[in-house]
Amino acid sequence: MPANPRTKRNPRDHTGNQKAILAEQHAEELAKRKDEIAMHHAEQKAGLDEPIALDDKGRTIQNVSAETAAEEGPVEIPPETVHIRIACDLEKVTIGQGTAFDFKEGQVYSVPLHVAQHLDRLGYVWQWL
């Protein structure tokens with residue numbers, strides 16, 4: 001039976017052959033780096049669940065978390081403020097006169113209700129919290 005051509009490397013594929021040779025030579029280093037990258041991604045993802053409070057002008061008020069709220073006592077949140085998670089990166093979004101918002105995909109934000117409703121109408125809100 002002939003060998004499956006897809007499992008054999010093409011001898012004329014210099015880039016593919018070079019990649020395989022380098023992968024074998026640096027297998028130990030790549031395994032170490034893989035763990036470092038996994039840890040880095042885990043740290044980044046953990047920070048996305050912390051809501052960031054934004055005022056009407058798009059400025060960051062403070063990072064709001066349940067732990068800090070419990071330590072500092074009750075936190076007064078202005079009425080009509082909601083928590084949302086954004087579906088994609090948005091830069092310099094203007095909502096109303098003189099406002100500019102920057103949003104990062106997956107991050108939880110505490111924003112005024114009218115901002116959340118506007119972004120939801122456009123399909124940019126992933127989740128209401």
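1. In the pairing of strands, A53 stands opposite S110 in β6. Strand β1 (residues 52-54) runs parallel to β6 and is joined to it by two bridges, where two strands are taken to pair if DSSP finds at least two bridges between them. Helices (H or I, at least four residues) and strands (E, at least two) are DSSP runs, numbered from the N terminus.

2. The model is a predicted one, in which local features need pLDDT of at least 70 and side-chain atom pairs count only at pLDDT 80 or more, while totals for chains, interfaces and linings use all residues. Residues are numbered from 1 along each chain as its sequence is written, and side-chain values use heavy atoms, with hydrogens and water left out.

3. The chain contains four helices and seven strands, and these follow the pattern α-α-β-β-α-β-β-β-β-α-β when read along the sequence. Of the 129 residues in the chain, 25% are buried, a term that means under 20% relative accessible area, with exposed meaning over 50% and partly exposed lying in between (1.4 Å probe, protein chains only).

4. Strand β3 (residues 81-86) is paired with β6 in the antiparallel sense, over five bridges. Within this pairing V82 stands opposite V111 in β6, and R85 has V108 of β6 as its bridge partner. As for cover, β6 is mostly covered, since five of its five residues are buried.

5. β3 also pairs with strand β7 (residues 125-128), again in the antiparallel sense, and here the count is three bridges. In this case the residue opposite I84 is W128 in β7.

6. The loop between β5 and β6 deserves a separate point, and G106 is one of the residues that lie in it. G106 counts as buried because its relative accessible area is 5%. Between G106 and W126 the separation is 20 residues in sequence and 7.9 Å in space, C-alpha to C-alpha.

7. E105 lies in the loop between β5 (101-103) and β6 (108-112), and because its relative accessibility is 46%, E105 counts as partly exposed. Together with D89, E91 and D102, E105 forms a negative surface patch. Patches are made of residues with over 30% relative accessible area and no salt bridge, like charges being joined within 9 Å and nonpolar side chains (Val, Leu, Ile, Met, Phe, Trp, Tyr) within 5 Å.

8. The structure holds one salt bridge, defined as a side-chain nitrogen of Lys or Arg within 4 Å of a carboxyl oxygen of Asp or Glu. The side chains that meet in it are those of E36 and R33, at 2.7 Å, N to O. E36 and R33 both belong to helix α2 (residues 27-47), where they are three residues apart, about one turn of the helix. E36 is partly exposed because its relative accessibility is 43%, and R33 is likewise partly exposed because its value is 42%.

9. A last point for checking concerns the backbone at K92, which has a positive phi of about 50° although K92 is not a glycine. K92 is placed in strand β4 (residues 90-93), and with a relative accessible area of 66% K92 counts as exposed.

Conventions:
Accessible areas come from the Shrake-Rupley method with a 1.4 Å probe; for residues, only the protein chains shown count as cover. Lys and Arg count as positive and Asp and Glu as negative; His and the chain ends are not counted. The place of a charge is taken as NZ of Lys, CZ of Arg, CG of Asp or CD of Glu.
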